[in-house]
Amino acid sequence: MPPSAQNLSTYGTPGLIDMPTAETMPDGQLAGTVSVFENTQRYTTTFQILPRLSGSFRYSIIGGDGSQKTYDRSFDVHYQFLTETARRPAMAIGLRDIMGTGIYSSEYVVATKTVADRLHLTAGMGWGRLGSRGGFTNPLSIFGNGFKTRPGRGATGGSRGGKLTTDAWFRGDAALFAGLRYDVNDRWSVMAEYSSDAYSEESAKYGFTPDIPFNFGVSYRFRNGLTANGYYMYGQSLGFQLSYALNPKHPQAPGGVGPAAPALKPVSQVAAASWNQATEVAQRHENARDVLRAELDREGIRMVGYDVYGDTATVEIENRRYDASAQAVGRTARAMANTLDPSVKTFRVVLTKQGVPVSRITTRRADLYKLEHEVDGSWRSFARAGIADAVVGVRGEPLPHAWPHFAYRFGPYLTFSFFDPDDPLRYEVGAQFRGDYMIRPGLAISTDLRLPLFGTMDKVTRVSNSVLPHVRSDWAKYARESTFRINRLTTDYYWRPGKDLYAKVSAGYLEEMFGGVAGELLWYPQGSKLALGGEIAYARQRDYDMLLGFRDYDVVTGHASIYYDLPAGFRAQVDAGRYLAGDWGATFALDREFNNGFKVGAFFTRTNVSAAEFGEGSFDKGIRFEIPLSWFTREPTRETFGQTIRPLMRDGGARLNLANRLYDYTRDANGTQLANRWGRFFR
């Protein structure tokens, strides 16, 4: 297996300095890069989607003081179609700036060969910007004269950007580039390259004209994933770059680290425990129930139901601590073994959400003792366990004082806004209170209150020019005109209409900009790769102060949704219906989800709104990620940090931001995810 890319270029993709290589990053790797040189700043996020395929999103600022700056957003793809062997080089094909106004629009085919483990030689052919120095007639013109000429910049991407520039790909003059990297050791590398990019646009607009086509660089890799690069570029400019890479497959803290699970007590010790000494069987079970409830509380697991019938005990729980529900099930089964009378041979653990049952996991007490210390004990226990829909069959009796129940979280929040030309990165810091008052199983009042303290999001002065109803593009007014905010205040009712079915109705202030009434129905069988959902809502736009008032605009919106689990941890989702601005269309999303809960994905929406009506960007699109905080820490938690990055926030294709949509809300307790993360059962 050839070594993975040890360096990222100024474009944030596997490469030398400005030129690409045929290397790839490790599968699943996520890297962020900041590079600066000669009045050019590039901020890039690259994700290794598959072992051979990566995708990148870049935000660039071109131009210095005293000149009109250009702010550009671009997407790249890089595919390695041949891996390196002892006889042949790795080979890759790539597309830069595949949609938009095309400042960096270029394509390439490149080969990289490793010599003696330390020297990496690269040579390739480029088109577009990578064919602008030393260009020659396009070899692809043998397939037609159309390959000889490349459309002018913006001719295919559209003046508003956002459209695929397919008519320009691999067209126009081609040019050769080459370079090498020598790894001095596992930390230091030196690089040199011949660039085929003439920087024609920078020369014409910003006065940067390369003196020579050669670049030289040095790279130092820290052990924490940070890489620092320094460059001497084009005979006249010094450059600097920082890259940080992390891989969800290799968390900072090993999965399941944290407080160790309690050791299983010998059955004789459990039998002799004081709470199991009552002469009446009913009293013995009641005593054990109270001890078990206290034990689970210490584990961050709320017990809401309990029943013993014959040799079978059923416990209903809400997992409030562990990001993997399988770990909560394992901790519960262990606590049951350490607490319940030895006459109980079978354990049933029912996972619930807001007191509504999702799945029932059945294990045998003897299997816990037999498999606890086996090398493959977790997976053998999964083979012996039974997972079923908990809406049918035996359930636990509700516990005294389990309802009503109040849970809350209080702490700081941090939000970002990206790509405002006046300030590409805006932020807001404040205090947040989240509370859930669960009146009875399925019925809850939930709130999300925020108090902004400082930041720059309220400094936006630009006014939306959207011709559509301003359902999202007035976000700056909400930031400016609100002080104390009711982000969300709803009454929610969850229930199970039948086997494999979940339902929810919400009423109140549904999200930051809209209130109303929303209903949702989900079909999601246990262990199924497929789920189907439907949602409908009447929504009215809220006042800019984000308190109790409403504006005049209202809309009926709704979507039908398809969710499907693909191989390698990918999840596809399609939502089709009516959006907040009254437009009709569909959103297509693809996410990769790792077993530790880390998610990275992308989406785009196409509706009956034309590119002219939508405005800059032509249609809604973006990337998103979600990181479980337990990935960084050594403490189990269900808290996550998520961020959606859109090139632009416009009104077309805008959907309600409803909390706890049923698929994601129930997914971790469904048999599919329980199976994927059952390795945490004994942790």
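Modeller: Patches are built from residues with over 30% relative accessible area and no salt bridge, joining like charges within 9 Å and nonpolar side chains (Val, Leu, Ile, Met, Phe, Trp, Tyr) within 5 Å. The areas come from the Shrake-Rupley method with a 1.4 Å probe, and for residues only the protein chains shown count as cover. The model is predicted, so local features need pLDDT of at least 70 and side-chain atom pairs pLDDT 80 or more, while totals for chains, interfaces and linings use all residues. Residues are numbered from 1 along each chain as its sequence is written, and side-chain values use heavy atoms, leaving out hydrogens and water.

Biologist: Which residues make the nonpolar surface patch?

Modeller: The patch covers about 740 Å² and is made by L414, Y427, L451, L453, F454, F484, L547 and L548. Strand β21, residues 443-455, gives the most to this patch, with three residues. Strands (E, at least two residues) and helices (H or I, at least four) are DSSP runs numbered from the N terminus. L547, by contrast, sits in the loop between β25 (530-542) and β26 (550-565).

Biologist: Is L547 buried or exposed, or something in between?

Modeller: L547 has a relative accessible area of 32% and is therefore partly exposed, where buried means under 20%, exposed over 50% and partly exposed in between (1.4 Å probe, protein chains only).

Biologist: How should I read the strands that lie side by side, and what order do the 12 strands of the closed barrel follow?

Modeller: Strands of a sheet pair through backbone hydrogen bonds, and they may run parallel or antiparallel. Two strands count as paired if DSSP finds at least two bridges between them. The closed barrel runs β1-β2-β3-β4-β5-β6-β7-β8-β9-β10-β11-β12, and its pairing is antiparallel. Within it, β3 (residues 53-62) and β4 (residues 70-82) are antiparallel and share 10 bridges, and S54 has H78 in β4 as its bridge partner.

Biologist: Which strands stand at the edges of the open sheet?

Modeller: The open sheet has six strands in the order β17-β16-β15-β14-β13-β18, with mixed pairing. Its edges are β17 (386-389) and β18 (397-398), each with a single partner strand, so one side of each has no neighbour in the sheet. Inside this sheet, β14 (residues 312-319) and β15 (residues 346-353) run parallel and are joined by six bridges, with V315 opposite V349 in β15.

Biologist: Where does a hairpin lead from β19?

Modeller: A hairpin of two residues takes β19 into β20. These antiparallel strands, β19 at residues 405-420 and β20 at residues 423-440, are joined by 15 bridges, and F410 stands opposite F433 in β20. β20 and β21 pair in the antiparallel sense over 12 bridges, with I445 in β21 as the bridge partner of Y437.

Biologist: How many aromatic pairs does a search of the whole structure find?

Modeller: A pair of aromatic rings is described by the distance of the centres and the angle of the planes. The search of the whole structure finds 31 aromatic pairs. One of them, F57 with F75, is tilted, at 4.9 Å centre to centre and 50 degrees between the planes. Rings of Phe, Tyr and Trp (its six-membered ring) pair if their centres lie within 6.5 Å, and planes under 30 degrees apart are stacked, over 60 edge-to-face and the rest tilted. F57 lies in β3 and F75 in β4, so this pair ties together parts that are 18 residues apart in sequence.

Note on methods. Salt bridge = Lys/Arg side-chain N within 4 Å of Asp/Glu carboxyl O.
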